[in-house]
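Reader: Please take me through the packing and the local backbone of this model. I would like each answer to end on the value or name I ask for.

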Amino acid sequence: MESLRVAVVGAGYFGALHAEKYAELANSDLQAICDIDETRARSVAAKCAAEVTTDWRDLLGRVDAVSIAVPTSQHYAVAKDFLSRGIHVLLEKPICETLEEADSLAEISRDNGVVLQVGHLERFNPAVEGAAPYLTNPRFIESRRTSMFRTRSADINVVLDMMIHDLDLIFGIVDSPFVEIDAFGVSVLSEVADFANVQIRFANGCIATLTANRTSSTAERTINVFQTHNLVAIDLMANKFSITRRVNADGDETVPQIKTEERVFGGGSVLKRQIACFLDAVRSGNEPVVTAEDARKALEAALIINQKLEPRPIRAVA
């Protein structure tokens, strides 16, 4: 199988991880690392035996596919150039800053017959994939995502930084459009919301509550899906899910009993699985797991949430 020529644009934290995984995959040939900071690009490239450039335009015509891990404000300009030249793109989340930009990238990718996959990483978590067949009739969903504060993400709020992952997952679980969103946020350690709590109502009656908190001393990534007579609890960090069901003993329906089954999945890099699926979509021409349309829906909800948090979230004071 001939290897695909690939490159990574953006040599920050996530870009470096993308480069590492491309270098590990047998069907990818990592050509170059691009970053406006040449020193940073060289540091990443040295570990992967790749070339260095400070201008993404140098890669046009030289590669088949790229990962783009630059600041969100640059997503549109960079991705547009590659897609317009027939180069497949794996674009970090969120897809863009605006819905208009997201729609434009989707149109450019369709017009040029190339793959545009967006990096909603949790879709590739084995616990999410394993639980999917059991999520048949969600009535209430509770998601929690907490982490310690990271200065590298302080320029965007916790909704676009963290919660957008759970928005994408929940929209994949609930087969119904959302009709109402309420949101509350608090600025704790930065000038934007570091804590947010959101409630989403769907047309089919399902309700979802989402909490994202990047001021915690502990990390948590969980989604609980309450359905008629069962609860599916997904632990994204532990790669496991459980199903708690109501069962009856001896035919006595007046005495409900509870049974819980758990499935635990092996480790392995979720990012590596995401990149491998991207390359498979490039080779096969099939639709990627996370489409531009999927990413647009998550972005639309995130932007509505941000509007409700404006002009500024409540400021926490000592």
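Author: What follows is a set of questions and answers on this predicted model.

Reader: Which residues have the most contacts inside the largest nonpolar core?

Author: The largest nonpolar core holds 74 residues. Its largest share, 11 residues, is supplied by helix 6, which covers residues 158-173. The residues with the most contacts inside this core are Phe-82 and Leu-167.

Reader: How many residues make up the other core that lies apart from it?

Author: Members of that other core include Val-44, Ala-50, Ile-275 and Phe-278. This core lies apart from the largest one, and its residue count is 23.

Reader: Are helix 6 and helix 8 parallel or oblique to each other?

Author: Two packed helices are described by the angle between their axes and the distance between the axes. For helix 6 and helix 8 (residues 292-309), the axes come within 9 Å and cross at roughly 130 degrees. An angle over 145 degrees would count as roughly antiparallel, and 65 to 115 as roughly perpendicular. The crossing angle is roughly 130 degrees, and helix 6 and helix 8 are therefore oblique.

Reader: What is the handedness of the crossing in which helix 6 passes helix 8?

Author: The crossing of helix 6 past helix 8 is right-handed.

Reader: How many residues of the contact of helix 6 with helix 8 are charged?

Author: Asp and Lys count as charged. The contact divides into 12 nonpolar residues, 1 polar residue and a charged group of 3.

Reader: How are helix 4 and helix 8 oriented to each other, roughly parallel or roughly antiparallel?

Author: Helix 4 and helix 8 have axes 10 Å apart and pack at an angle of about 175 degrees. Angles over 145 degrees count as roughly antiparallel. Helix 4 and helix 8 are therefore roughly antiparallel.

Reader: How many charged residues does the contact of helix 4 with helix 8 have?

Author: Helix 4 brings Leu-99, Ala-102, Asp-103, Ala-106 and Arg-110 to meet Ala-292, Glu-293, Arg-296, Leu-299, Glu-300 and Leu-303 of helix 8. By class, this contact has 6 nonpolar residues and no polar ones, while its charged residues number 5.

Reader: Is Ser-109 buried or exposed?

Author: Ser-109 is found in helix 4, residues 99-112. Leaving aside neighbours within four places in sequence, Ser-109 is in contact with Leu-83, Val-114 and Leu-116. The cut-off for buried is under 20% relative accessible area. At 7%, Ser-109 is therefore buried.

Reader: Which residues join through a cis peptide bond?

Author: Pro-94 is placed in the loop between strand 5 (88-92) and helix 4. The cis peptide bond has an omega of about -15 degrees and joins Lys-93 and Pro-94.

Reader: What is the phi of Asn-239?

Author: Asn-239 lies in the loop between strand 12 (230-235) and strand 13 (240-248). At 12% relative accessibility, Asn-239 counts as buried, and among the residues it touches are Asn-125, Pro-126, Arg-263 and Phe-265. Although Asn-239 is not a glycine, its phi is positive, at about 55 degrees.

Reader: Does Ala-49 count as buried or exposed?

Author: Ala-49 also lies in a loop, between helix 2 (38-48) and strand 3. Ala-49 is not a glycine, but has a positive phi of about 55 degrees. Its relative accessibility is 74%, and Ala-49 therefore counts as exposed.

Reader: Which residues is Thr-53 in contact with, leaving aside its neighbours within four places in sequence?

Author: Thr-53 is found in strand 3, residues 51-53. At 9% relative accessibility, Thr-53 counts as buried. Leaving aside neighbours within four places, the contacts of Thr-53 are Ile-33, Cys-34, Asp-35, Asp-58 and Leu-59.

Technical notes:
Residues are numbered from 1 along each chain as its sequence is written. This is a predicted model: local features need pLDDT of at least 70, side-chain atom pairs count only at pLDDT 80 or more; totals for chains, interfaces and linings use all residues. Side-chain values use heavy atoms; hydrogens and water are left out. A nonpolar core is a set of buried Ala, Val, Leu, Ile, Met, Phe, Trp, Tyr and Cys residues joined through side-chain atoms within 4.5 Å. Buried means under 20% relative accessible area, exposed over 50%, partly exposed in between (1.4 Å probe, protein chains only). Helices (H or I, at least four residues) and strands (E, at least two) are DSSP runs, numbered from the N terminus. Axes are lines fitted to C-alpha atoms, for helices over the stretch in contact, and angles run from 0 to 180 degrees between N-to-C directions. Angles under 35 degrees count as roughly parallel, over 145 as roughly antiparallel, 65 to 115 as roughly perpendicular and the rest as oblique. A crossing is left-handed if the near helix is turned anticlockwise from the far one by less than a right angle, and right-handed if clockwise. Contact means heavy atoms within 4.5 Å.
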